[in-house]
Amino acid sequence: AAGTTATTSAAMPRIRNCAAAASRIFTVTESRVRLLEIGRWFVIAAVVVAIDQWTKIEVQQHLKYGDSIPVTSFFDLVLVFNPGAAFSFLSSASGWQRELFIGIALVASAFMATLIVRHRTNLVFSFALAMILGGAIGNVIDRWLLGAVVDFIHVHAGEHYWPAFNLADSAITLGAVLLVLESFLDHRAQRAASALHSGDSR
């Protein structure tokens, strides 16, 4: 019995060491998973920024300000510099809007980044925020470097012309639509769960 007790006592430190090592491995693995869950959304946002900036550079290299190249019956490539917000909102203001829009975009970007971290496992919600974040940063870069946003996509139908926009605006719009859709689907899921719970209670 004494030998058994001694063997057990000798084994206890090794068991504790193994348990501590396993705990450390689990903690490291959990942290890596968390970083991957968060990182993928910021990678998507970075891709949006990169594509947006690349297209704007290409357009500026091949078109002059005011140029318009018909591509289809409803779509032209143009080059305009928009000091306003998306789709030329406040573009005719005297210049004060530059700092305003940069400040709003930076605050909104920080807020969206925080939401992405908190809701990183919500695929639709986080993807939508990543698209909006990438679009916002893409346009902020323009405002910071050029004082205006580069717009080059011009769509029209007959005599009706939509204000020129860019891929950053498109990403923001897509993200906003996805947020509305996600909210609608979440609301429906909550109503279904509530109805199911009410039925079970009866």
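## Fold and basis of the model

Helices (H or I, at least four residues) and strands (E, at least two) are DSSP runs, numbered from the N terminus. Read in that way, the chain holds four helices and four strands, which follow one another along the sequence in the pattern α-β-β-α-α-β-β-α. The model is predicted, so local features need pLDDT of at least 70 and side-chain atom pairs count only at pLDDT 80 or more, whereas totals for chains, interfaces and linings use all residues. Residues are numbered from 1 along each chain as its sequence is written, and side-chain values use heavy atoms, with hydrogens and water left out.

Of the 202 residues in the chain, 30% are buried (under 20% relative accessible area, with exposed meaning over 50% and partly exposed in between; 1.4 Å probe, protein chains only).

## Salt bridges

The structure holds four salt bridges, each a side-chain nitrogen of Lys or Arg within 4 Å of a carboxyl oxygen of Asp or Glu. In one of them, Asp52 and Lys56 have their closest N and O atoms 2.8 Å apart, and both residues lie in helix α1, four residues apart, about one turn of the helix. Lys56 also meets Asp142 in a salt bridge (2.7 Å, N to O); because Asp142 lies in helix α3 and Lys56 in helix α1, this pair ties together parts that are 86 residues apart in sequence. Asp52 counts as buried at 0% relative accessibility, as do Lys56 at 1% and Asp142 at 3%.

Arg120 and Glu37 form a further salt bridge, at 3.2 Å from N to O. Arg120, in the loop between α2 and α3, and Glu37, in helix α1, are 83 residues apart in sequence; Arg120 is buried, with a relative accessible area of 19%, whereas Glu37 is partly exposed at 22%.
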